[in-house]
Amino acid sequence: MTLRPNLLRGLFPQSLGGQLLVMLLLALAITHGLGLHLLTDERNRAVRAALGLEAAGRAANVVLLLDSAPADLRSSILRAANSPLVRFEIGPEPEALHDSADSDVVLRQIRQILGDPEREVRADVHVPSPVSLPMPDGIPANMRPMHDAMMAGRIEPVELTLSISLAGGDWLNVSTMFHRPGLQLSPQALLPLVLMAVAVALVAWWTARRVVGPMRALALGADRLGRGLDVEALPLSGPTEVRETTQAFNRMKDRLTRFVNERTHMLAALSHDLRSPLTAMRLRIEMLDETEDSLRLKALVGEMQAMVEATLEFARGVAKAEPPSDVYLAVLLADLVGDAGGERATLVPSPPLPVTIRPTALNRALRNLIDNAVRYGGSAQVALAQEPGTVTITIADKGPGLPEDQLEAVFEPFVRLEGSRNRDTGGVGLGLAIARTIIHAHGGTIILRNHLQGGLEALVTLPTETA
């Protein structure tokens with residue numbers, strides 16, 4: 001039961017142009033189908049009326065002949081009037097016992113030809129039972145192919161029974177059977193539908209191009225902007241709504257770019273303003289006699305300077321000071337693993353994967369992750385895997401892991417994996433925050449999870465499409 005919706009969803013186009021084309025063609029097919037059905041029904045009614053009137057006219061003329069001819073000529077008149085499709089008989093009782101609801105036109109036609117509005121006439125139009133469905137016998141062989149072609153192979157008989165009173169008190173009973181014409185589709189009838197379908201397809205393609213083109217450019221620009229890449233102002237094209245959306249995106253891009261540039265300049269000034277007094281304090285402390293207080297003060301200034309540097313580094317992680325470039329991710333990881341030294345860090349062999357990144361920033365983020373794995377887990381095993389549109393970097397260690405409630409909390413600033421106050425073992429708690437900020441700026445994601453066999457894994461996912 002669940003496969004059928006998925007199958008239909010897979011067959012239905014996912015693009016705007018395809019959906020628009022399918023919906024327009026579906027609406028065209030439904031409207032033309034309904035129109036053809038109504039036209040066929042009206043045509044059937046017209047043909048039935050014409051055939052009924054023709055039989056009524058023949059019957060009325062035969063009645064005139066019978067009323068004016070001697071009794072011994074009646075059999076000759078009936079033989080001349082009979083045909084394979086129409087049967088004339090004279091009997092004491094009428095075969096048409098009642099008038100049908102749609103027989104008014106036939107009755108008026110007969111009375112008008114007879115010129116006697118008081119003449120008793122009965123007309124019964126009905127669909128015969130299935131026993132009467134076969135074609136009437138006696139149709140000439142040269143007429144049957146023409147009849148079959150006209151009927152288009154559809155046998156839908158309608159039987160008309162007329163009973164007209166004669167001057168002598170007898171009744172003329174007339175029985176005829178004709179068929180409703182079937183649906184006849186010729187190339188001439190299909191040509192307008194084909195031409196309209198082509199016109200609808202062209203209109204759908206042109207409309208979708210005017211809408212999809214700018215929307216695709218907008219999506220590409222938003223993706224580049226989210227990954228920290230340079231984005232030129234998008235051209236305003238397409239319908240009014242699309243142009244307004246594009247214009248709003250251009251304004252948002254300009255505001256974000258201006259905000260980032262202003263914050264970058266502010267960080268540069270703040271870095272200079274904070275470093276200068278700290279450097280002056282360190283110089284003055286160096287000039288003091290080496291006492292317990294001076295050593296303690298020197299340690300506090302060093303800790304403050306380390307925290308200031310880490311905080312500035314964290315803030316710079318979201319700045320776009322570094323231009324993006326194409327690099328091979330496997331080569332970058334190999335250099336980082338080599339810098340970790342010894343056998344504590346290894347890289348699973350993988351093919352070089354070209355990506356567009358800011359190398360220095362991403363290098364800093366991945367180095368923090370590898371250093372944390374070596375420091376807290378004793379080793380770091382780095383693996384690289386590629387999927388359509390993305391690449392995943394896995395950094396696994398063999399340490400004790402983390403409690404489940406801390407897997408997300410450790411990404412917050414100043415949250416430390418190591419509980420002591422020693423900066424040499426625990427840092428200041430900004431390494432993972434910096435790493436996540438840089439990876440998010442590249443349009444990627446990072447998560448931590450405990451491995452089933454022990455240890456902690458960091459999964460970094462980055463887009464590989466070069467925008």
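**View 1. Strands β10 and β11 pair antiparallel through six bridges.** Two strands count as paired if DSSP finds at least two bridges between them. Helices (H or I, at least four residues) and strands (E, at least two) are DSSP runs, numbered from the N terminus. Look for isoleucine 447, which stands opposite leucine 459 in β11. This is a predicted model, where local features need pLDDT of at least 70 and side-chain atom pairs count only at pLDDT 80 or more. Residues are numbered from 1 along each chain, and side-chain values use heavy atoms, without hydrogens or water.

**View 2. Five strands form an open sheet in the order β6-β8-β9-β11-β10, with mixed pairing.** β6 (345–347) and β10 (445–450) stand at the edges with a single partner strand each, so one side of each has no neighbour in the sheet.

**View 3. Helix α9 (residues 329–340) packs on this sheet.** Here α9 touches β6, β8 (380–387) and β9 (390–396), where contact means heavy atoms within 4.5 Å.

**View 4. Helix α12 (residues 431–441) also packs on the sheet.** The strands touched by α12 are β10 and β11.

**View 5. The largest nonpolar core has 43 residues.** Such a core is a set of buried Ala, Val, Leu, Ile, Met, Phe, Trp, Tyr and Cys residues joined through side-chain atoms within 4.5 Å; buried means under 20% relative accessible area (1.4 Å probe, protein chains only). Leu369, Ile393, Ile395 and Leu448 touch the most other members. Helix α10 (359–377) gives the most to this core, with eight residues.

Terms used:
Axes are lines fitted to C-alpha atoms, for helices over the stretch in contact, and angles run from 0 to 180 degrees between N-to-C directions. Buried means under 20% relative accessible area, exposed over 50%, partly exposed in between (1.4 Å probe, protein chains only).
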